[in-house]
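Biologist: Please take a close look at one part of this model, and then follow the chain out from there. Give the cut-offs as you go.

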Amino acid sequence: HLLNLIKNDIDIVIGHGNGPQVGNVMLQHEAGEKTYGIPKQPIDVCVAETQGSIGYMIEQQLRNVLEKENLNRDILTLVTQVVVDKEDPAFKNPIKPVGPYYTKEGADKMSDGDKVVFHEDPRGRGWRRVVPSPKPERINNRMSIEKLSRDGNIVVTVGGGGIPACYVEPNKLQGIDAVIDKDLASSKLASEINAEEFYIL
């Protein structure tokens, strides 16, 4: 479906979701901790993992399509941090469900003294961890993304809404346990790179 745009020399930047995949990665980390004692990674690292793996799949399959059509465009996947405000009200009201379902007992056991919040699923499937979903304030490397795209490269970026990071003190950026809405992050990026058109598919 992107082929006609590419054939017409339209510069393309692609964002994508990662909801089910980041949940699977979190399960893998939990299983590794339980079975082998490997420390599980925080959500920002899980988002980075899925940005890389999903971007790799998009990049490879799109390249296969282009090669069939004898089209030569570089496709680049960028692991992208998105800056959020540590004072965003979302941090006081985590509502975005992530990861697997648990029993009430399992959720209570994992709540770790209220550091991890669980809510009951409205459809009765169990309890899930909920995390903040702050608004994206700035896309890191946005100038490079724009330049790469305007130079004719296809850029895959802000996967899963981007890796959430905030300034915990001046000049100190740090990943944070949160998820950013992919459509908000993609629209923010479109604005920051002066895109002519923006589509949510």
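**A covered strand and its surroundings**

Modeller: Strand E6 is mostly covered, since five of its five residues are buried, where buried means under 20% relative accessible area, exposed over 50%, and partly exposed in between, with a 1.4 Å probe and protein chains only. Strands (E, at least two residues) and helices (H or I, at least four) are DSSP runs numbered from the N terminus. This is a predicted model, in which local features need pLDDT of at least 70 and side-chain atom pairs count only at pLDDT 80 or more, while totals for chains, interfaces and linings use all residues. Residues are numbered from 1 along each chain as its sequence is written, and side-chain values use heavy atoms, with hydrogens and water left out.

Both faces of E6 are covered. On one side, Trp127, Arg129 and Val131 are buried; on the other, Arg128 and Val130 are buried too.

E6 spans residues 127–131 and pairs in the antiparallel sense with strand E5, residues 117–120, over four bridges. Two strands pair if DSSP finds at least two bridges between them. Within this pairing, Val117 stands opposite Val130, and the bridge partner of His119 is Arg128. Six residues lie between the strands of the E5 and E6 hairpin, and in that hairpin Gly124 takes a positive phi near 75 degrees. E6 also pairs with strand E4 (residues 96–102), again in the antiparallel sense, over five bridges. There Tyr102 stands opposite Trp127.

Asn140 counts as buried because its relative accessibility is 14%. The side chain of Asn140 makes a polar contact with the side chain of Arg138, at 3.1 Å. A polar contact is a pair of N or O atoms within 3.5 Å; within protein, one must be able to donate a hydrogen and the other to accept it, and residues adjacent in sequence count only if both atoms are side-chain atoms. Leaving aside neighbours within four places in sequence, Asn140 is in contact (heavy atoms within 4.5 Å) with Thr80, Gln81, Val83, Ile145 and Leu173.

The C-alpha atoms of Glu67 and Ile10, 57 residues apart along the chain, are separated by 17 Å. Just after H3, Asn70 takes a positive phi of about 55 degrees.

With a disulfide taken as a pair of cysteine sulfur atoms within 2.5 Å, the count comes to zero disulfides.
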